[in-house]
Amino acid sequence: MQKNNLAILLSGGMDSIALAYWKKPAHSITIDYGQKAANAEIKAAEQISKYLNIKHHIIKVDCSKLGSGDMNGSKSLSISPITEWWPYRNQLLVTLACMKGVSLGIKELIVGSVSTDGAHKDGTRIFYDYLSTLIEYQEGQIKITCPGIEMSTVELIKRAKLPISLLYWAHSCHTANEPCMNCNGCKKYLYTLQMLGLD
């Protein structure tokens, strides 16, 4: 049963798809912030939202001039912990989603970070705890939760009891709207399928 005051930041990747299936939010929010794979991410999120009967919202804010790394199609900054790191990206996305969420009456926003996202500080439990405290303090009082933060992607998919067929709708590539099969996102996708016993 859907929760009317619950939303998910839905990128169309495996982690957010699994969480959407597991938690049954009433709303999903996908953000085109200028990333190279925006169109494919939106398409994947639309398909999943329609299948799960979730009201899908799309936000477009071009921040491409502020990005770096694989998702931006540019050279990574010297401080980048991984090649797809985009400065303050998760903080930006959560903030934009909550800006929309306030008008929808959202009280909780689910974010699809998993244990491996701890390779960068804005993918850690402590980061989201800080961010939730900040956003809950403000008008609207939206709580930020990451139900999969202690799990691997494979563990999350199993916990959510996600039908494997829905994984084929996921878009995980960081560099393009068509899978490049070489970036960390594509490698994660292939690895996850292998760990689930799929080719």
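1. In this predicted model, helix α5 (residues 153-160) and helix α7 (residues 184-195) touch through Thr 153, Val 154 and Ile 157 of α5 and Lys 188, Thr 192 and Met 195 of α7, contact meaning heavy atoms within 4.5 Å. By class, this contact holds three nonpolar, two polar and one charged residues; Ala, Val, Leu, Ile, Met, Phe, Trp, Tyr, Cys and Pro count as nonpolar, Asp, Glu, Lys and Arg as charged, and the others, Gly among them, as polar.

2. The axes of α5 and α7 come within 9 Å and cross at roughly 55°, which makes α5 oblique to α7. Axes are lines fitted to C-alpha atoms, for helices over the stretch in contact, with angles from 0 to 180 degrees between N-to-C directions; under 35 degrees is roughly parallel, over 145 roughly antiparallel, 65 to 115 roughly perpendicular and the rest oblique.

3. Helix α3 (residues 89-104) packs on helix α4 (residues 125-137) at an angle of about 35°, the axes being 12 Å apart. Asn 90, Gln 91, Val 94 and Cys 98 of α3 contact Phe 127, Tyr 128, Leu 131 and Ile 135 of α4. Six of these residues are nonpolar, two polar and none charged.

4. Strand β2 (residues 25-32) is largely enclosed by the rest of the structure, because eight of its eight residues are buried (under 20% relative accessible area, 1.4 Å probe, protein chains only). Four bridges join β2 to strand β1 (residues 3-9), and the two run parallel. Ile 8 stands opposite Ser 28 in β2.

5. Residues are numbered from 1 along each chain as its sequence is written. Local features need pLDDT of at least 70 and side-chain atom pairs pLDDT 80 or more, whereas totals for chains, interfaces and linings use all residues; side-chain values use heavy atoms, leaving out hydrogens and water.

Notes: Buried < 20%, exposed > 50% of the residue type's maximum accessible area, 1.4 Å probe, protein only. Pairing = 2+ DSSP bridges.
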